[in-house]
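Please read it with the sequence and the structure side by side.

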Amino acid sequence: MKREKGLLIVVSGPSGAGKGTVMRYVFEKCPNMRYSVSVTTRAPRAGETDGKEYFFRTHDQFAEMLHNNEFLEHERVYDNYYGTPRKFVEDLLADGFDVMLEIDVKGAMTVKRNRPETVTVFLCPPDRATLESRLRGRSTETEDQVALRLGAAVEELTHARDYDYVVVNRDALVGAEEIASIIRAEKCKTRRNIYFLENLIYGGTSNYDD
Ligand code: 5GP
């Protein structure tokens, strides 16, 4: 079996943290990184394509995948189910790509529990006022809806302390650079370079697949 060579990274953060823009920059800075495409039962939004943003599946198809243990983690978010497809992620890691999961806090903690080598990053808005104005700026929502979303965002923030890293999104480019730096530093960790060191010391190939 091929040994996994890539790094598994999870980024979470409440809506209003500015995750979309930051993550676009992160992918520009990290050409070896691939996005893990989740499976969801929610309907595609305008402009979304099956296999790109998500794999869109019916509830029955999702249940079948769950039954076959095809998810690394899965959660119900609002009224829909979301899951990280195990094989999709493991194949990318085995091929040497770093894999980015953008999932909610519960899913992130499941992945971390099952695979402690996962690097978890929580992206925060810089302050409450920015969080609120970003949530408001999204659409023509009622005050009640904004209050609901704000409450959900604040609840998510309470889980930040369980992550390996917290990145504050004061500026999207700086935030992206911080995430890229975290990834670079993690890849230099001694325990991630044991096979490399063994080959260097004792000879042999630098191929991890032996
Ligand atoms: P949306 O439907 O707006 O794309 O995503 C709604 C929420 O579901 C977001 O918080 C997103 O991070 C989360 N999410 C997306 N994919 C997954 C997944 O595979 N697993 C989990 N646990 N959450 C996910």
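This is a predicted model: local features need pLDDT of at least 70, side-chain atom pairs count only at pLDDT 80 or more; totals for chains, interfaces and linings use all residues.

Two strands are taken to pair if DSSP finds at least two bridges between them, and it is in this sense that phenylalanine 71 stands opposite proline 85 in β6.

**The β5-β6 hairpin**

- Strands β5 and β6 run antiparallel and are joined by 6 bridges, with phenylalanine 71 facing proline 85 of β6.
- The two strands form a hairpin with 2 residues between them, and in this turn tyrosine 78 has a positive phi of about 50 degrees.

**The parallel sheet**

- Strands of a sheet pair through backbone hydrogen bonds, in either a parallel or an antiparallel manner.
- Five strands make up an open sheet with parallel pairing, in the order β2-β7-β1-β8-β9.
- At the edges of this sheet are β2 (33-35) and β9 (165-168), each of which pairs on one side only, and the twist from one strand to the next averages 25 degrees.
- Within the sheet, β1 (residues 8-12) and β8 (residues 119-124) run parallel and are joined by 4 bridges; valine 10 has threonine 120 as its bridge partner in β8.

**Helices on the sheet**

- Helix α3 (residues 86-94) lies across β1, β2 and β7 (98-102), and runs at about 150 degrees to β7.
- Helix α7 (residues 172-187) packs on the sheet as well, where it touches β1, β2, β7, β8 and β9, and its direction makes about 155 degrees with that of β9.

**The largest pocket**

- The largest pocket has a volume of about 1,600 Å³ and is lined by 42 residues, of which Ser15, Lys19, Arg45, Tyr54 and Glu102 lie nearest its centre.
- By class, this lining comprises 17 charged, 13 nonpolar and 12 polar residues.
- Helices α1 (19-29), α4 (105-114) and α6 (143-157), together with strands β5 (71-77) and β6 (80-85), each supply at least two residues of the lining, and α1 gives the most, with 6 residues.
- Both domain 1 (1-32 + 98-210) and domain 2 (36-95) take part in the pocket, since the lining draws at least three residues from each of them.

How values were computed
Residues are numbered from 1 along each chain as its sequence is written. Side-chain values use heavy atoms; hydrogens and water are left out. On a 1 Å grid over the protein atoms alone, a cavity is a set of points where a 1.4 Å probe fits but cannot get out, and a pocket is an open set with protein on both sides within 12 Å along at least five of seven lines; lining residues have an atom within 4 Å of a point. Grid points are joined across faces, edges and corners, and a volume is the space filled by probe spheres set on the points. Ala, Val, Leu, Ile, Met, Phe, Trp, Tyr, Cys and Pro count as nonpolar, Asp, Glu, Lys and Arg as charged, and the others, Gly among them, as polar. Domain bounds come from an automatic or database domain assignment. Axes are lines fitted to C-alpha atoms, for helices over the stretch in contact, and angles run from 0 to 180 degrees between N-to-C directions. Contact means heavy atoms within 4.5 Å.
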